[in-house]
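This report covers selected local features of one protein chain. The sequence and the model are shown first.

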Amino acid sequence: TRSLGSLVFWGPPGTGKTTVARLLADATELHFEQLSAVFSGVADLKKAFDAARARRETGKGTLLFVDEVHRFNRAQQDSFLPVMEDGTVVLVGATTENPSFELNAALLSRARVLVFRSLDTTAIEKLLERAEKIEGKPLPLDADARATLVRMADGDGRASLTLVEEIWRAARPGEVFDTAKLTEIVQIGRAHV
């Protein structure tokens, strides 16, 4: 069987940390379980660990993806150690903060840190092209507006796709936006958040 060690993904938002964790779970045939340290507490961890133990008895491993893992306190971080050591879970933690400062040394010593970088303009452009292919229609932007959209994403793939959805929602058939209209749409969208 393919084995996977515990990992910590460190990088800015929208750079694919969750997506890579899902792909790793698929590739290693592990059950994908996701928690957010912002919205989870001790009870949620216990429930996830118990479910992973039960799964392990049936021969199925668990990849436990913990978003914003740095938000867990020292005791909560320590609770991962036994289940990582006995193979109950493969922990994949995601953090936007430097793990050397935000995570327990004991946890870090049991995981490899992988650094995710902001997406460059080529990667954002590929995301836009993929969205167009999936939707079967071009983005209604002129060349300058498209370049502006790529800059607005600021290396965040998820943000770029959110902007794309706003643009398609705002466009009437046959309409093509320039940079001024794009900026207006984005500001209206942000005002509603």
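**Confidence**

The model is predicted. The chain has a mean pLDDT of 93, and 96% of its residues reach 70 or more. Strand S1 (residues 7-10) has the highest confidence, at 97, while helix H10 (residues 179-191) has the lowest, at a mean of 84.

**Helix H1**

Three residues of helix H1 (residues 17-27) are buried: Lys17, Ala21 and Ala25. They lie on the same side of H1, because the arc they cover around the axis is only 75°. In an α-helix there are 3.6 residues a turn, so residues three or four places apart point the same way. Leu23 and Asp26, on the other side of H1, are exposed.

What do the buried residues of H1 pack against? Their partners are four strands by name: S1, S2 (31-36), S3 and S4 (90-95). Just after H1, Glu29 has a positive phi of about 55°.

**Residues with positive phi**

Two further residues other than glycine also take a positive phi, Glu68 and Asp154. The table sets out their values.

| Residue | Phi | Place | Relative accessible area |

Although Glu68 is buried, it has no salt bridge. The nearest side chain of opposite charge is that of Arg71, at 4.3 Å. This pair does not count as a salt bridge because the limit is 4 Å between a side-chain nitrogen of Lys or Arg and a carboxyl oxygen of Asp or Glu. Leaving aside residues up to four places away in sequence, Glu68 touches Ala37, Val38, Ala94 and Thr96.

**Glu129**

Glu129 sits in helix H7 (residues 121-135). With a relative accessible area of 43%, Glu129 is partly exposed. Which distance separates Glu129 from Leu139 in space? The two are 8.8 Å apart, C-alpha to C-alpha, and ten residues apart in sequence.

Conventions:
Residues are numbered from 1 along each chain as its sequence is written. This is a predicted model: local features need pLDDT of at least 70, side-chain atom pairs count only at pLDDT 80 or more; totals for chains, interfaces and linings use all residues. Side-chain values use heavy atoms; hydrogens and water are left out. Helices (H or I, at least four residues) and strands (E, at least two) are DSSP runs, numbered from the N terminus. Buried means under 20% relative accessible area, exposed over 50%, partly exposed in between (1.4 Å probe, protein chains only). Lys and Arg count as positive and Asp and Glu as negative; His and the chain ends are not counted. Contact means heavy atoms within 4.5 Å. pLDDT is the predictor's confidence in each residue, from 0 to 100. The arc is that of the directions from the helix axis to the C-beta atoms.
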